[in-house]
Structures are given as C-alpha cells and as structure tokens.
Amino acid sequence: MSSIRAVAPAKINLSLRVRSLRPDGYHEITTVFHAVSLADEVTVSAAAAGVGRIVTTVGDRTASVPGGDDNIAGRAAVALARHAGLPDPDVTIDIAKAIPVAAGMAGGSADAAAALVALRRLWNLDVSDAVLSEIGAQLGSDVPFSLMGGTARGIGRGEVLTPVLTDGELHWVVALSDAELSTPAVYAEWDRLLADGLVSAAGDAADADAPLLAALRQGDPREVARHLVNDLEPAAASLRPHLRGVLDAGSELGALAGMVSGSGPTCVFLAEGREAAIALAAEMSGTGLVRGVRHAVGPASGARIVA
Ligand code: C5P
C-alpha cells in the first residue's frame, strides 16, 4: 500500500498534579488523561530516495508548525526507522489539524502517535504497541497517551500509564484562545510561583484522585466536575491573565466546571450532556472572549489507522 492514514485524539487532563522538578528538567506529575473527539489526521507515503522527511500541515493557525525533522512527526519517523534497523526514511507526512496548535491539548503528541501507527503499517513492522509506546515516550511525554486513548492515569512525566474504567460520555466545550503557550514556559512559571510560595507542590498521596476515579466509574458528570484539578492553571493564568475571565464566563453561563486544559491556554468546560454542551458552546462563542469554540466528547480512541 502506498499511503496510510491514521487519526489521533486531543487530550484533556481531568487531574494534573505537579509534584516536583526533577534533575532532568521534567516535572514529576500525577495525572488523569482523557482523550476527546477532536482529532488530527496524518497520512504517510513513501517518497523519492533522498528527500528525507517532508511534513506538511493544514488547518487553523498552522503557520507556526515546523516541517521536516523539526516536526515531532518527522522525528517519530526517524525514531521508528532506527528502532527497526532501517536507514533514515524518505517519507511524506501530511497532517490535517483539528487539534488547536500550542494549546495544551497534546496536538503535537497526537501527530507523533498517528505517524507511528501509520508508519508501522506502511513499513510492515513487527513492533508491539508496548514498544511503540516506548518509542513515543522518547519523543514527548504525552505521546504514549495519544497512542492509548480512552482515560488513563499517568505518573512519572506522564508517560507511565494505567487505563481507568469509565462509564458513559463526558461532553465538553473547548474554548480556543487567541494566544499560544509553550509547555516549558508554563512549567517554568509554576517553578517561579512555587519559589514565591504562591503555589504548593502536590504530595505523594496515591489516592488524591480516588474521588475523581470513582466519579468516572459512575459516569456522573456532576460528580466528575467536583473533582477536576489542574495545578498548572495558576501558572497559565499568570502568563495569560485573560484566562481568568474566560473561566469566570463559563461558570456564569452554567458550566458544571471549567479549567485550563493542560498547560493552556485552551479552556475546557464540562456540561451535563450533549444539549447542554451545544447550548453552552453557542453562549461562550457569543461572549467575544474566545477565538472559537468546539464541542468535544470523551473518552475517544487512541491513535488508529483509518485508511
Ligand atoms: O515531553 P515534552 O517534550 O512534551 O515536554 C516539553 C517540555 O515540557 C519539557 O522539556 C519540560 O520543560 C516540560 N515538561 C515538564 N514536565 C513534564 C512534561 C513536560 O517539565 N512532566
């Protein structure tokens, strides 16, 4: 087959607790990842000898997305080929983005994950899902979850995963921001706030997320809403103060809960169900505080081949 297409989902962190800065520059976190129905589509094809990795991206605000090996999907192609003992590959990787760029929803990780599953098929490699996940973890902390999808606990820098049992669907309103935020900048701001005593590090209580996990098992969005937490939210809002207004607007408009997604600046709001989410999306859009809104449903599948 000359061309393979795969999709991979955006993620929300239902819980993100930052514990400590590690010697390697990453932060030790405990998190609950949740994949939602915004997805990027990645098509891989063999290219002429000597061209290397050609990565193109189409979609909203993709001008800042790099090409070639500066794109995480290009790096994924090299990493997978090297693992398989192949020379650096000649391949085109065409990305259609629906996941907002630099927005805290793991769009780059999704592209790497989709590229990995598509290239494994294109090259007919006998590489297990577990090994693909290890290769993914070298590329980015969130890539293993983009491969897995669903809902999962993450520890370490977020790459060590355990699936979480859930019932039913959660309906989200995703509020897009005009700004972008880089993940390292938000973690660095968290370090600064910690040094100034304005945030505190999460303890090592293994059961801090037990009420959230119980609510997910019950499939009760009201109960889930009570236990959403994102330790990076103060850091994201410190760098982008307008996010506070977006979060306030969501709660005034009746969201069950609202939070910054991952390192932001996207904000996500949980609704009671589909109709409530669609109504909330329309009202959020009318506030003029956000660049756009999306309705997203979780949990969604991890990276998978579609054609
Ligand atoms: O793993 P990834 O490449 O996505 O991480 C990007 C950056 O985000 C890291 O270089 C680090 O600065 C920060 N980060 C972190 N702790 C994590 C994940 C990411 O400090 N658990």
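Reply: Let us begin with contact, which means that heavy atoms lie within 4.5 Å of each other. This is a predicted model, in which local features need pLDDT of at least 70 and side-chain atom pairs count only at pLDDT 80 or more, while totals for chains, interfaces and linings use all residues. Residues are numbered from 1 along each chain as its sequence is written, and side-chain values use heavy atoms, with hydrogens and water left out.

Me: OK, what is Met 105 in contact with, leaving aside its neighbours within four places in sequence?

Reply: Met 105 touches Ala 10, Lys 11, Ile 12, Val 36, Leu 38, Ile 99, Pro 100, Val 174, Ser 261 and Thr 266, once neighbours within four places in sequence are set aside. Val 36 sits 69 residues away from Met 105 along the chain, and their C-alpha atoms are separated by 9.4 Å.

Me: And where does Met 105 lie? Is it buried or exposed?

Reply: Met 105 is found in the loop that runs between strand E4 (91–96) and H2, where helices (H or I, at least four residues) and strands (E, at least two) are DSSP runs numbered from the N terminus. Because its relative accessibility is 0%, Met 105 counts as buried (under 20% relative accessible area, with exposed over 50% and partly exposed in between, using a 1.4 Å probe and protein chains only).

Me: Now the helices: at what angle do H1 and H2 pack?

Reply: H1 and helix H2 (residues 107–122) pack at about 35°, and their axes are 8 Å apart; axes are lines fitted to C-alpha atoms, for helices over the stretch in contact, and angles run from 0 to 180 degrees between N-to-C directions. On the H1 side the residues are Ile 72, Ala 73, Ala 76, Ala 77 and Leu 80, and they meet Gly 108, Asp 111, Ala 112, Ala 115, Leu 116, Leu 119 and Arg 120 of H2. This contact of H1 with H2 divides into 9 nonpolar, 1 polar and 2 charged residues (Ala, Val, Leu, Ile, Met, Phe, Trp, Tyr, Cys and Pro count as nonpolar, Asp, Glu, Lys and Arg as charged, and the others, Gly among them, as polar).

Me: How do H1 and H3 cross?

Reply: The axes of helix H1 (residues 72–83) and helix H3 (residues 129–139) come within 10 Å and cross at roughly 135°, which means that H1 is oblique to H3 (under 35 degrees is roughly parallel, over 145 roughly antiparallel, 65 to 115 roughly perpendicular, and the rest oblique). Ile 72, Arg 75, Ala 76, Ala 79, Leu 80 and His 83 of H1 make this contact with Val 131, Leu 132, Ile 135 and Leu 139 of H3.

Me: What about H2 and H3, how do they cross?

Reply: Their axes also come within 10 Å, crossing at roughly 140°, and so H2 is oblique to H3. Ala 112, Leu 116, Val 117 and Arg 120 of H2 meet Asp 129, Leu 132, Ile 135, Gly 136 and Leu 139 of H3.

Me: Which residues of H3 are buried?

Reply: In H3, the buried residues are Leu 132, Ile 135, Gly 136, Ala 137 and Leu 139, and they pack against H1, H2 and helix H4 (143–148).

Me: Switching topic, where is His 171?

Reply: His 171 belongs to strand E7 (residues 170–176), and it counts as buried because its relative accessibility is 5%. Apart from neighbours within four places in sequence, His 171 has contacts that include Phe 269, Leu 270, Arg 274 and His 295.
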